[in-house]
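Please report on how the ligand is held in this model. Keep it brief.

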Amino acid sequence: MERCLEFKGIEKAFPGVRALQDINFRVKGGRVLALLGENGAGKSTLLKIMSGDLRADAGTITLNGREMNFSSPNDAIRAGISVIYQERQLVPAMSVAENIFPGIPPRGALGLVAGKQLKRQAQELIDKFGLSIDPAAPVGTLSVAYQQMVEIMKAYRRDSDVIAFDEPTAPLTDAEIAILFDLIRRLKEAGKIILYVSHRLSEIFQVTDEIVVLKDGRLVAEMKTSETGEQELIRAMVGRDIGDTYAGLNRNDKIGEVLLEVSHLETDVLRDVSFTLRRGEIVGFAGLVGAGRTEVARAIFGADPVSSGEIKIEGKPVRFKTPKDAIDAGVALCPEDRKEQGLVLFRSVRDNVTMPILAKVKRGLFLDNHAEDEITIDAVKRYAIKTPTVDKIVMELSGGNQQKVILGRWTSSKMTTKILILDEPTKGIDVGTKAEVYQMVCDFAGQGIGVIFISSELTEVVNISDTIVVMHGGRVTGQMTRQEATEEKVLALAMLD
Ligand SMILES: Nc1ncnc2c1ncn2[C@@H]1O[C@H](COP(=O)(O)OP(=O)(O)OP(=O)(O)O)[C@@H](O)[C@H]1O
Ligand SMILES: [Mg+2]
């Protein structure tokens, strides 16, 4: 029998937001449906209802004609529905095998046998995916990309009828993305129902058959992928045209004296890294995941120990022992992993935005509630952060909006930043807001700030930066101006051995 999943009249409200309103659509087996929309449109909420993590206020979901009624995620899994979340759900201390096959604790003499079996089964799965992961390794020791692949294998081995992916490629490199797309095609051939959420439009055209667009919790468009173009999609999502993102940028053309000079920098990971950053300049760092770009940022910021080499700011040698020293000297780092290094999820938007400013004014000065609100409201406006109030806890924001809170924190107008380091600032951010982020980066440069822009999206890094530094294996493999750079040249240097 052909599989069919149907959403009827789904409604969901949170305090201050109607996250989903009257959602109706269906997907057939063997089809990949893209669920698109801006940050906060309701995509993850819909998937969480489907997976039994949230209860809808009204409406029904039917699978193969049977109405689903879940009171827990386990109910959904038993009914044949697997969702791979935007935020990973693995247990870092447990092994890869234990994470893929949860709920089978290998204990005692019998457990030893079970443990071996578990490892073998996990190994088979890992081989099937063509990955090199040790099934006995604790998941927490794997790279983010591999953790995501473990998450995908975990869902795959359940053999569910419905598999939903919520921004699966955000942490992946091109190699794993290819493996994932291959897998999706196989699932499709096996007649499964696949839901796919991503902000990368090129992926939508590569792997999906149908598209549903959500906007402010409503279904605003349904189309066939083959009959749609990129501009049409953007218009449905954003509600307006956004022309050529890069050509329309108002760039800074006043690049000044040298602000930061890094010479022969070495750490555990970095080898002989040298480059300069001038006032008003945007220096982009390109490279594959693991090339050492984040490590450069962390070394400058005083977050990782430097073993040799020199860092000079405005001609003076500096060696920050902690990030606090760096912040005091006017260096700001907007980190890559919002969960681990950035946000305090159970604190309010206001607390999260004003945190570094508070650290600065703690000695002596006093920042009153009113000033804090003002700074936060300013950030909420500039980045169009979707939140009913500044008191909302960050955990309750959508993934992309959490990312915007981080940007707001490190780019507050009240900070006296000289050097701004942005590590993957547009990860999980929708197309409309991306253009605004780019303009803001140019505006910072216009104010004389030196910006280090780290990104895995080649197009972005090549088009935003004045100078592009390419890294591979902890070394700088090339440097060029925006005028000289092409994506092919950068890619060749990024893959250099
Ligand atoms: N647990 C929650 N409590 C309160 N509000 C929530 C909760 N979860 C989501 N929301 C709100 O519901 C709306 C939809 O959020 P959702 O996470 O579904 O967006 P999304 O489309 O997945 O966005 P993104 O692209 O940023 O991931 C947002 O306004 C969000 O703040
Ligand atoms: Mg989401």
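What follows covers the site of ligand 1.

This is a predicted model, where local features need pLDDT of at least 70, side-chain atom pairs count only at pLDDT 80 or more, and totals for chains, interfaces and linings use all residues. Residues are numbered from 1 along each chain as written, chains are lettered from A and ligands numbered from 1 in written order, and side-chain values use heavy atoms, without hydrogens and water.

Ligand 1 has 21 residues around it. Nearest are G40, K43, T45, S398 and G400. A residue is near if one of its heavy atoms lies within 4 Å. The shell splits into five nonpolar, 11 polar (Gly counts here) and five charged residues.

Domain 1 (4-238) and domain 2 (258-494) both contribute shell residues, so ligand 1 lies between them. The bounds come from an automatic or database domain assignment. β2 (17-28), α1 (43-50) and α14 (399-410) each give at least two shell residues. Helices (H or I, at least four residues) and strands (E, at least two) are DSSP runs, numbered from the N terminus.

Three side chains make polar contacts (N or O pairs within 3.5 Å) with oxygen atoms of ligand 1.

| Side chain | Distance to a ligand 1 oxygen |
|---|---|
| N39 | 3.0 Å |
| S44 | 2.8 Å |
| S398 | 2.7 Å |

Alone, ligand 1 exposes 640 Å², and the protein buries 91% of that. Areas use the Shrake-Rupley method with a 1.4 Å probe.

Conventions
Polar contact = N/O pair within 3.5 Å; in protein donor to acceptor, adjacent residues only side chain to side chain.
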